[in-house]
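Subject: Structure for you to look at

Hello,

Here is the structure I promised to pass on. Please open it first, then read my notes below.

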Amino acid sequence: QVQLVESGGGLVQAGGSLRLSCVVSGRSFSANPLAWFRQAPGKEREFVVGIRRSDGRTVYADSVKGRFTISRDNAKNTVYLQMNSLKPEDTATYYCAVHGGLDIKTQAAQYRYWGQGTQVTVSS
């Protein structure tokens, strides 16, 4: 069983930055890939970035490349999402998730364990 707790969301002006954190417990931190997804009201959950914690391999959605950076601190069982140059279209609830497999996936349905989400709002 895996538990995930996100934090760090808030209100920021366009062009600003936020850093989200996801603390993972219940299993070895490096056991499974972790991904950030986001979901705006009325829209489907969208893949943002994933990381294979064992070796640091990453996959980024095109919409956030060059602006968002995922990183990990395995000693703290924590994954971070540094979000720079934020745009209003980045407004969403951001979730971290872990799936039961070995490789990074971009489909939300592939992920079994989810955090509670943290709200990010970017104003114009």
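Which residue lies over the face of Trp 114? Arg 45 does, at 4.6 Å from the ring centre. The charged end of Arg 45 also sits over the ring of Tyr 95, 4.0 Å from its centre. Here a charge sits over a ring if NZ of Lys or CZ of Arg is within 6 Å of the ring centre and within 35 degrees of the ring normal.

Before you go on, note that this is a predicted model, where local features need pLDDT of at least 70, side-chain atom pairs count only at pLDDT 80 or more, and totals for chains, interfaces and linings use all residues. Residues are numbered from 1 along each chain as its sequence is written, and side-chain values use heavy atoms, with hydrogens and water left out.

**Aromatic rings**

Rings of Phe, Tyr and Trp (its six-membered ring) pair if their centres lie within 6.5 Å; planes under 30 degrees apart are stacked, over 60 edge-to-face, and the rest tilted. By this rule there are five aromatic pairs. One of them is Phe 37 with Tyr 111, which is edge-to-face, at 5.1 Å centre to centre and 75° between the planes. This pair links distant parts of the chain, 74 residues apart. Phe 37 is in strand β4 (residues 34–39) and Tyr 111 in strand β10 (residues 111–114). Strands are DSSP runs of E, at least two residues long, numbered from the N terminus.

Tyr 111 also pairs with Trp 114. Their ring centres are 6.3 Å apart and their planes are at 65°, so this pair is edge-to-face. Phe 37, Phe 47, Tyr 95, Tyr 111 and Trp 114 form one aromatic cluster.

How exposed are these residues? Buried means under 20% relative accessible area, exposed over 50%, and partly exposed in between (1.4 Å probe, protein chains only). Phe 37 is buried at 0%. Tyr 111 is buried too, at 5%. Trp 114 is partly exposed, at 26%.

**The disulfide**

A disulfide is a covalent bond between the sulfur atoms of two cysteines. The search counts cysteine sulfur atoms within 2.5 Å. It finds one disulfide in the whole structure. Cys 22 is joined to Cys 96, with S to S at 2.1 Å. The link is right-handed, with 70° about the S-S bond. It connects distant parts of the chain: Cys 22 is in strand β3, Cys 96 in strand β9, 74 residues apart. Cys 22 is buried at 0%, and so is Cys 96, at 0%.

**The core**

A nonpolar core is a set of buried Ala, Val, Leu, Ile, Met, Phe, Trp, Tyr and Cys residues joined through side-chain atoms within 4.5 Å. The largest one has 33 residues. Leu 4, Leu 34, Trp 36, Leu 81, Met 83 and Tyr 94 touch the most other members. Strand β9 gives the largest share, five residues.

Contact means heavy atoms within 4.5 Å. Beyond its neighbours within four places in sequence, Met 83 is in contact with residues including Leu 18, Phe 68, Tyr 94 and Val 120.

**Thr 118**

Last, look at Thr 118, in strand β11 (residues 118–123). Thr 118 is buried, at 10%. Leaving aside neighbours within four places in sequence, Thr 118 is in contact with several residues, among them Glu 6, Gly 9, Leu 20 and Tyr 94. Its side chain reaches the backbone nitrogen of Gly 9 at 3.0 Å.

Best wishes

Key
Helix = DSSP H or I, 4+ residues; strand = E, 2+ residues; numbered from the N terminus. Polar contact = N/O pair within 3.5 Å; in protein donor to acceptor, adjacent residues only side chain to side chain.
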